[in-house]
Amino acid sequence: DCRDGLTARAIRSYGDRVYYIQQPDQSDIWVPEAETHLKGYYKIARHYKWALNQAFNTLNFSNVIIIEDDLDVSPDIFEYFLGTLPLLKADRTLWCVSAWNDNGKFSLIDKNAHETLYRTDFFSGLGWLLTKSLWAELSVKWPASYWDDWMRRPQQRKNRSCIRPEISRTRTFGQYGVSNGLFYEKHLRFIHLNDKFVSFTKKNLTFLLKENYDVQFVRSVYDSPVVSYQELKSGRIFFDGPVRILYRNNVEYRKTARALRLMEDFKSGVPRMGYKGTVTFFYNNRRVYLAPYDKWNGDKLR
């Protein structure tokens, strides 16, 4: 996109090992008068639609991995996507595989959990895999702008989930760009990139199928003893094993998330990396579940 000369030369250097396609429409784009300063978001949405139509409908690929040009990738990123693709095809309650953990700071992950994967109700992007059938569903109503927030709306998500890793398989260096570095200094630049190769294609990942995952996940969360975030931060927990911190509403959630340096916002009622309202992370060498008081019954928080 944008006909950048350095980018074009880098792509051409790979010769016939890659497909090189260029967005032909570099014209200006109409935006509402109040959003002229956000024109970049409209151009990005236009480019995504064109590029995905090319990949799926012209080149006839069955699956596409999207990796933006401001991402570093782990040594096993393609192995990760290859290993999880069969799940995406088999489980209709899944709609994407993401390489990204929004709460993947070094202080919030289990540094040794290179193989650990989860389901999440949150669409994060930043390196993700989708199928041709999903694109056929989305392309006919693709938005003019803000495509990622549009993806997170219930009308698109339809209660489907993504797979995501404990340790991110991508890391962004996109401090500058259309978003003007939103979240970059506070969160994104601290995301830890996985550096160990995991042979996901040789592993049994069927535990991530909904019928296998949900019962064990809910049991793990709600069998964990309840503590306060103050106790967790201070280390005043005198037993081993996972713990649960409760929240009643989005105000309580944000207060706790802010104190523990998690990303604190909701998108269409879903906390970042949440599954059934619960956000799983690691803190002071233990697994922590930031969970609703009552078992999750849908997208009820804003």
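Predicted model: local features only at pLDDT ≥ 70, side-chain atom pairs only at ≥ 80, totals over all residues.
Two packed helices are described by the angle between their axes and the distance between the axes. Helix 2, which spans residues 39-58, packs against helix 4, residues 132-139, at an angle of about 140°, and the two axes lie 11 Å apart. Because angles over 145 degrees would count as roughly antiparallel, that angle makes helix 2 oblique to helix 4. The crossing in which helix 2 passes helix 4 is left-handed. On the side of helix 2 the contact is made by Lys49, Leu52, Asn53, Phe56 and Asn57, while helix 4 contributes Lys132, Trp135 and Ser139. Sorted by class, the contact of helix 2 with helix 4 comprises three nonpolar, three polar and two charged residues.

The loop between helix 1 (5-12) and helix 2 holds Ser27, which counts as partly exposed because its relative accessibility is 36%, a value that falls between the limits of 20% for buried and 50% for exposed. Leaving aside residues up to four places away in sequence, Ser27 touches Lys43 and Arg46. The side chain of Ser27 also makes a polar contact with the side chain of Asp25. Two distances that involve Ser27 are set out below.

| Pair | Kind of distance | Value |
|---|---|---|
| Ser27 and Asp25 | polar contact, side chain to side chain | 2.5 Å |
| Ser27 and Lys255 | C-alpha to C-alpha | 44 Å |

In sequence, Ser27 and Lys255 are 228 residues apart.

Technical notes. Residues numbered from 1 in each chain as written. Heavy atoms only, no water. Axes fitted to C-alpha atoms, helices over the stretch in contact; angles between N-to-C directions. Helix = DSSP H or I, 4+ residues; strand = E, 2+ residues; numbered from the N terminus. Parallel < 35°, antiparallel > 145°, perpendicular 65-115°, else oblique. Left-handed = near helix turned anticlockwise from the far one by under 90°. Contact = heavy atoms within 4.5 Å. Nonpolar A, V, L, I, M, F, W, Y, C, P; charged D, E, K, R; others polar. Buried < 20%, exposed > 50% of the residue type's maximum accessible area, 1.4 Å probe, protein only. Polar contact = N/O pair within 3.5 Å; in protein donor to acceptor, adjacent residues only side chain to side chain.
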